[in-house]
Amino acid sequence: MGDQPGDREESLVTCKSYDIPKTLVWEAWLRVKANQGAAGIDAETIERFEEKLAANLYKLWNRMCSGSYFPPPVKGVPIPKKSGGVRMLGIPTVADRVAQTAVKLWLEPRLDPIFHSDSYGYRPGKSALEAIAVTRRRCWDHDWVVEFDIRGLFDNLDHDLLLTALRKHCQEPWILLYVQRWLKAPMQNVEGQIQARDKGTPQGGVVSPILANLFLHYAFDLWVARHLPGVRFARYADDAVLHCKSRRQAEYVLERIRERFQACKLELHPGKTRIVYCKDINRTGENPDIQFTFLGYTFRPRKAVDKYGRVYVNFSPAVSRDALKAMRQTIRGWRLQLKNDKNLDDLSAMLGPILRGWQQYYGHFHGSELKSVWRRVNQGLIGWLMRKHKTLARHKTRAAETLRRMAQHQPSAFIHWSLGFMS
């Protein structure tokens, strides 16, 4: 991991020694190893890095302490977006992930306490489900929602504004030095070309989420609290909703937010920003938009039953169509019918954790909406049985009955079996 051009000249200027505890770098390595992840531009994997662990960690710590550590370019990997197009993910090298994690471990306990209670993304003790629950409750109390998404947040963060915010809470020289270097680190695209960056922080960098949260703390969270008192919100990274009492207030709030982000050199995504009416049994007004999607859940009017058995319309969340489609596509990609060399325990071990994760997240509110996903899993398992057992080949009804008996005898094999979803 050689120095970049110009390293020698700059290291003469930054040769001051920094007191960075070895234990911090060791803890950072443990986090990186636990999280795994792909190799960066040097093609060095976690396993290869670990082969010379002591030497690699000492070299990294020594360079960071002397101020002579310069992050290599991040590896640009295009990731398809659900809405079309691609998002560039920046993959740091393993060594650089360790360095970034060390900075994150230092910064997080100092920055997180200042963040707003309604900022939920990338924070310890906070979750997307908590943001969904809060939003559901506030939709019952407020008739209108402003939904917005920031276009290319990680790609467009202004470096000067971000560093101004960081210096307000951090005077540690080595932290400021390396954050500046990471912000300036170029990206190497899939063709191997090096692209300089003068704004943004790579999505995929370990330190990027906390820096983005710090930026939006001042650009949005604190600004709303000061300038739009009484307007409640929930934000998860660049995705957020605000609750308003009237259409007029919602229009005012949206215009003010659009102006605020322009002042902070950010832009609202036009296709993901709208004013929504939370229509239910008591709110019978008209509006073109009566639903919105937040963190994989679609909020819209839904039939509900009260404790007396009466049917009414409630404004509530359930798994979104896009999330359902993505899960069903994943199941098709497993090609269960071709895994006839596997037994039920093998399939349970392979697929069980994924299915439990889907249930734990998307089944938290209106879990019955996942039935199309569970049906698709069962269809795949029926195909698996028909291929595995000659007596069931071309006998789908018999295979389905066999699967039903298996689910009754081993309900813990798959989460949806334990929930009684066998249709």
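This text describes the architecture of a single protein chain, from its overall dimensions to selected residues.

The model is predicted: local features require pLDDT of at least 70 and side-chain atom pairs count only at pLDDT 80 or more, while totals for chains, interfaces and linings use all residues. Residues are numbered from 1 along each chain as its sequence is written, and side-chain values use heavy atoms, with hydrogens and water left out.

The protein chain contains 16 helices and eleven strands. Both are DSSP runs numbered from the N terminus, helices being H or I runs of at least four residues and strands being E runs of at least two. Taken along the principal axes, the box filled by the C-alpha atoms is roughly 75 × 60 × 35 Å. Of the 423 residues in the protein chain, 48% are buried. Here buried denotes under 20% relative accessible area, exposed denotes over 50%, and partly exposed lies in between, with a 1.4 Å probe and protein chains only. Contacts are defined by heavy atoms within 4.5 Å. Among those between residues at least 6 apart in sequence, 68% join residues at least 24 apart.

The surface comes next. The protein chain exposes about 21,500 Å², and carbon and sulfur atoms supply 50% of that area. Accessible areas come from the Shrake-Rupley method with a 1.4 Å probe, and for residues only the protein chains shown count as cover. The chain carries 66 positive and 43 negative charges, whose mean positions are 7 Å apart. In this count Lys and Arg are positive and Asp and Glu are negative, whereas His and the chain ends are not counted. Each charge is placed at NZ of Lys, CZ of Arg, CG of Asp or CD of Glu.

The interior can be described through its nonpolar cores. A nonpolar core is a set of buried Ala, Val, Leu, Ile, Met, Phe, Trp, Tyr and Cys residues joined through side-chain atoms within 4.5 Å. The largest nonpolar core has 74 residues, of which Ile20, Leu107, Trp174, Leu242, Ile257 and Phe261 touch the most other members. Leaving aside neighbours within four places in sequence, Trp174 is in contact with Tyr18, Asp19, Ile20, Leu24, Met64, Val103 and Trp106. Apart from this core lies another of 51 residues, among them Trp358, Leu370, Leu392 and Trp417.

The cysteines form zero disulfides in the structure, a disulfide being a pair of cysteine sulfur atoms within 2.5 Å. Cys278 is in no disulfide, and its nearest cysteine sulfur, that of Cys139, is 4.0 Å away. Cys278 is buried, with a relative accessible area of 0%. Cys65 is likewise buried, at a relative accessible area of 8%.

Helix α13 spans residues 344-362 and includes Met350; Ser348 also has its place in helix α13. Met350 is partly exposed, with a relative accessible area of 37%, whereas Ser348 is buried at 16%. Beyond neighbours within four places in sequence, Met350 is in contact with Lys339 and Lys342. With residues up to four places away not counted, Ser348 touches Pro353, Ala413 and Phe414.

Most residues other than glycine have a negative phi. Arg335, although not a glycine, has a positive phi of about 50°; Arg335 lies in the loop between α12 (321-334) and α13. The phi of His366 is also positive, near 50°, and His366 sits in the loop between α13 and α14 (371-388). At 32% relative accessibility, His366 is partly exposed.

Glu27 is found in helix α2 (residues 22-35) and is partly exposed, at 29% relative accessibility. Asp289 is in the loop between β8 (274-277) and β9 (292-294), and Asp289 is partly exposed at 29% relative accessibility. Neighbours within four places aside, Asp289 is in contact with Arg274, Ile275, Val276 and Tyr277. Asp289 and Ser418 are 129 residues apart along the chain, and their C-alpha atoms are separated by 37 Å.
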